[in-house]
Amino acid sequence: MSENRTATLTIDGNTYEMQVRSPSAGPDVVDIGKLYAQAGVFTHDPGFTSTSSCESKITFIDGDKGELLHRGYPIDQLAEKSHFLEVCYLLLYGDLPSAAELEKFETTITHHTMIHEQMGNFFRGFRRDAHPMAVMVGVVGAMSAFYHDSTDINDPRQREIASHRLIAKMPTIAAWAYKYTIGQPFVYPRNDLDYASNFLRMCFAVPAEEYKVDPILSRAMDRIFTLHADHEQNASTSTVRLASSSGANPFACIAAGIACLWGPAHGGANQACLEMLKEIGSPDRIPEFIARAKDKNDPFRLMGFGHRVYKNHDPRAKVMKESADEVLDLLGIENNPILQVAKELEKQALEDPYFAEKKLFPNVDFYSGIILEAMGFPTSMFTPIFAVSRTVGWVSQWKEQLTDPAMKIGRPRQLYTGETYRDYVEIENR
Ligand code: CMC
């Protein structure tokens with residue numbers, strides 16, 4: 001479509017023309033960048049529900065179709081046919097790798113998984129009962145104090161090294177944060193294991209005995225990483241971009257992303273969903289909870305249901321449900337009561353006109369908590385695992401931003417509703 005289309009805004013009889021830009025997919029975008037200079041007005045959009053903050057070629061979501069594409073490839077195909085490190089390459093570099101490119105990339109990531117030995121002291125400085133996300137925010141931010149040779153954001157090679165380091169070291173940092181809270185020794189990464197197996201081993205192995213990673217568990221872990229790898233301009237990714245817009249170093253930017261992800265409205269929903277399923281407890285109590293979710297006077301919502309962008313289905317939820325079946329089957333957890341409640345709740349809610357009318361479907365968080373708990377992770381590790389997965393998304397978006405000629409420091413304006421000018425009043429006169 002032509003780039004010459006315009007939108008017209010009329011304020012107090014004055015007319016302003018703005019360019020309408022056509023994306024390769026998704027709704028058109030009205031470019032209001034010059035609006036203030038021309039008309040002296042701001043636009044107001046809390047929560048950015050109608051605002052595009054950047055140009056990006058990485059991830060596309062069609063919420064009505066329930067489609068999630070990374071560099072054009074649908075997430076269900078990637079989850080079925082690919083694996084996490086290949087998806088990392090795709091997100092970072094734009095295309096699927098050749099066999100040689102993939103081997104080189106996997107070798108690079110594998111050889112960056114150890115963290116500076118002195119960083120162990122940081123973990124030991126935290127209280128044992130610290131939340132692993134608190135530890136991760138601190139330790140990832142501290143990486144800029146150790147890896148000076150990859151903090152120059154104007155050097156493409158340093159940006160590349162920082163990206164590799166972050167993707168490679170995040171599982172080690174998350175696993176060590178966990179080990180520290182349970183009082184077990186840190187387990188070092190091993191170069192003969194794949195990314196997901198290495199993470200499982202660093203979380204669950206102890207020096208006292210051999211630990212063998214089950215390939216089905218490793219596959220399920222890899223899928224969880226793959227399904228959470230990127231989700232375009234969500235809150236934590238936008239936080240990374242905003243931090244980076246000032247020229248901050250990569251480790252500081254990713255630490256900011258981790259801090260944002262920690263919030264229950266973003267990374268914490270799978271924990272809330274698992275807790276809700278446990279509270280429901282048995283299928284006969286489901287109608288009671290569905291009635292509560294529909295009651296406008298009750299703040300209760302079905303956790304793991306609904307999404308700001310997906311209004312048909314969340315394509316990640318289907319893959320997650322299959323993985324839940326596989327993992328529980330492997331672990332011999334037949335007739336798991338929580339899984340039974342989840343499946344029955346999904347069925348009853350989808351048959352209920354309230355959920356159909358409001359376009360509410362299970363989201364990625366509906367089944368992921370069940371899988372992670374069955375694997376042996378405590379709920380406090382659910383968000384750190386999300387952070388491990390999302391690091392590649394943050395890093396890819398950060399790299400893209402730094403090569404965007406339109407990049408400026410992020411500096412939103414405001415609709416001021418406070419006091420206007422008034423003179424200072426001496427304390428004795430107040
Ligand atoms: N249970 C019951 N009613 C709901 C639910 C729910 N889970 N979600 C939305 N609604 C109702 C809501 O009450 C509202 O009704 P009405 O129009 O009568 O006021 C209507 O649906 C629209 O809700 P909304 O809050 O305006 O929708 P939103 O797009 O702002 O919110 C959401 C999306 C994800 C915050 C919301 O669906 C929700 O709170 N879900 C439960 C929490 C959850 O599972 N979050 C994980 C999201 S997926 C993670 C990720 O991708 O990062």
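Mentor: Helix H3 spans residues 84–93 and is mostly covered, with nine of its 10 residues buried. Buried means under 20% relative accessible area, exposed over 50%, and partly exposed in between, with a 1.4 Å probe and protein chains only. Helices (H or I, at least four residues) and strands (E, at least two) are DSSP runs, numbered from the N terminus. The buried residues of H3 are Phe 84, Leu 85, Glu 86, Val 87, Cys 88, Tyr 89, Leu 90, Leu 91 and Leu 92. Just after H3 comes Gly 94, with a positive phi of about 100 degrees.

A word on the source. This is a predicted model, in which local features need pLDDT of at least 70 and side-chain atom pairs count only at pLDDT 80 or more, while totals for chains, interfaces and linings use all residues. Residues are numbered from 1 along each chain as its sequence is written, and side-chain values use heavy atoms, with hydrogens and water left out.

Now the core. A nonpolar core is a set of buried Ala, Val, Leu, Ile, Met, Phe, Trp, Tyr and Cys residues joined through side-chain atoms within 4.5 Å. The largest one has 111 residues, and Phe 199, Met 221 and Phe 377 touch the most other members. Helix H7 (residues 156–181) supplies the largest share of this core, 12 residues. In soluble globular proteins, nonpolar side chains tend to be buried together. Take Phe 377. Leaving aside neighbours within four places in sequence, Phe 377 is in contact (heavy atoms within 4.5 Å) with Phe 199, Leu 200, Cys 203, Phe 204, Met 221, Leu 372, Phe 382 and Ile 385.

Next, a loop. Ser 245 lies between helix H10 (235–244) and helix H11 (250–261). Ser 245 is buried, at 10% relative accessible area. Not counting residues up to four places away in sequence, Ser 245 touches Gln 401, Met 407, Lys 408, Ile 409 and Gly 410.

Then a sheet. Three strands form an open sheet in the order E4-E5-E6, with antiparallel pairing. Two strands pair if DSSP finds at least two bridges between them. The edge strands, E4 (59–62) and E6 (73–74), each pair on one side only. E4 and strand E5 (residues 67–70) run antiparallel and are joined by four bridges. Thr 59 has His 70 as its bridge partner in E5.

Last, the charges. The whole structure holds 19 salt bridges, each a side-chain nitrogen of Lys or Arg within 4 Å of a carboxyl oxygen of Asp or Glu. One of them joins Arg 21 and Glu 55 (3.0 Å, N to O). Arg 21 is in strand E2 (residues 14–21) and Glu 55 in the loop between helix H1 (35–39) and E4, so the pair ties together parts that are 34 residues apart in sequence. Arg 21 is partly exposed at 33% relative accessibility. Glu 55 is also partly exposed, at 46%.

A second salt bridge joins Arg 165 and Asp 149 (2.8 Å, N to O). This pair links distant parts of the chain, 16 residues apart: Arg 165 in helix H7, and Asp 149 in the loop between helix H6 (132–142) and H7. Arg 165 is buried, at 11% relative accessible area, whereas Asp 149 is partly exposed, at 42%. Arg 316 and Asp 314 also meet in a salt bridge (3.0 Å, N to O). Both of these residues, Arg 316 and Asp 314, are buried.
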